[in-house]
Amino acid sequence: MSNEQIKYHFLYKTTNLLYNKYYYGMHSTNNLKDGYLGSGKRLRYSIRKYGKENFEIEILSFYNSREEL
């Protein structure tokens, strides 16, 4: 998928609601409700351990392109 087809590029913060630990990352997508919470190794482990329902994603800022992000 080329960058021209992707509509949204953003910086986000995913928070573990049980322990208030957080993870910052960037994501590019056509669907803001794609269920993405992050891709870091420790974050993926925590999501498997505690369940998606215990995590919240907050979009911090949008960018015009992946390069700008």
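**Pocket lining and sheet arrangement**

The lining of the largest pocket comprises six nonpolar, four polar and two charged residues (Ala, Val, Leu, Ile, Met, Phe, Trp, Tyr, Cys and Pro count as nonpolar, Asp, Glu, Lys and Arg as charged, and the others, Gly among them, as polar). The model is predicted, so that local features need pLDDT of at least 70 and side-chain atom pairs count only at pLDDT 80 or more, whereas totals for chains, interfaces and linings use all residues. Residues are numbered from 1 along each chain as its sequence is written, and side-chain values use heavy atoms, with hydrogens and water left out.

The volume of the largest pocket is about 260 Å³, a pocket being an open set of points on a 1 Å grid over the protein atoms alone where a 1.4 Å probe fits, with protein on both sides within 12 Å along at least five of seven lines, and lining residues having an atom within 4 Å of a point; the volume is the space filled by probe spheres set on the points, which are joined across faces, edges and corners. Two or more lining residues come from each of β1, β2 and α1 (41-50), with the largest share, four residues, from α1 (DSSP runs: helices H or I, at least four residues; strands E, at least two; numbered from the N terminus).

Three strands form an open sheet in the order β2-β1-β3, with antiparallel pairing (at least two DSSP bridges between two strands). Because β2 and β3 (55-63) stand at the edges with a single partner strand each, one side of each is left without a neighbour in the sheet.
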